[in-house]
Amino acid sequence: MQGLPEVSVAGTLTADPELKFVPSSGDAVVNFTIAANDRKFDRDAQKWVDGDVTFLRCSLWRQAAENVSESLTKGDRVVVVGALKQRSWQTDQGDKRSVVELAVSEIGPSLRWATAKPTKVKRSAPAAPAATVPGEPPF
């Protein structure tokens, strides 16, 4: 993903991660959305006020996708690192659509609000490299 802007985002999972498998290769992919918002202290009202919410759609591939699916659930606060990618398409009605998504390279629970006990994944002998999905890096 060289050349794409890489960002780090802390946010909350809006739903349980959605794990799927690509029929042609068997590769796992997980999709999820995180919500992040600004929180500011209103000195006049003497209270914290939530700002606008930003929703960011994220995807992650292969073993890491399975790890996310097994480890994280709706409401978990996470820290995500990845490359911003823009995807465009045309609807059946001919309307052009575009979305910015995060191709995740790293994710973990935020330890600011929770604790975690990592468990290493035991892997079998390396298999032959699977066919890559266009636009995704081989792992």
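This is a predicted model: local features need pLDDT of at least 70, side-chain atom pairs count only at pLDDT 80 or more; totals for chains, interfaces and linings use all residues.
Reader: Okay. Which side chain does Asp-95 meet in a salt bridge?

Author: The rule here is a side-chain nitrogen of Lys or Arg within 4 Å of a carboxyl oxygen of Asp or Glu. For Asp-95 the partner is Arg-97, at 4.0 Å from N to O. Arg-97 is partly exposed too, at 41%.

Reader: How many salt bridges does a search of the whole structure find?

Author: There are 5. One of them joins Arg-62 and Asp-27, N to O 3.7 Å. Arg-62 sits in helix α1 (residues 62-71) and Asp-27 in the loop between β2 (18-21) and β3 (28-42), so this pair links parts 35 residues apart in sequence. Those labels come from DSSP runs, numbered from the N terminus: helices are H or I with at least four residues, strands are E with at least two.

Reader: And are Arg-62 and Asp-27 buried or exposed?

Author: Arg-62 is buried at 13%, and Asp-27 is buried as well, at 7%.

Reader: What about Arg-39: which side chain does it meet in a salt bridge?

Author: That would be Asp-50, at 2.8 Å from N to O. Asp-50 lies in strand β4 (residues 47-61) and Arg-39 in strand β3, so the two tie together parts 11 residues apart in sequence. Arg-39 is exposed, with 52%.

Reader: Now strands. In which sense do β5 and β6 pair?

Author: In general, two strands pair if DSSP finds at least two bridges between them. Strand β5 (residues 77-90) runs antiparallel to β6, over 13 bridges. Leu-84 stands opposite Leu-102 in β6. The two strands make a hairpin with 5 residues between them, and Gly-94 in the turn has a positive phi of about 90°.

Reader: Which sense do β4 and β6 pair in?

Author: Parallel: β4 and β6 (residues 96-109) share 3 bridges. Here Cys-58 is the residue opposite Leu-102 in β6.

Definitions and conventions. Residues are numbered from 1 along each chain as its sequence is written. Side-chain values use heavy atoms; hydrogens and water are left out. Buried means under 20% relative accessible area, exposed over 50%, partly exposed in between (1.4 Å probe, protein chains only).
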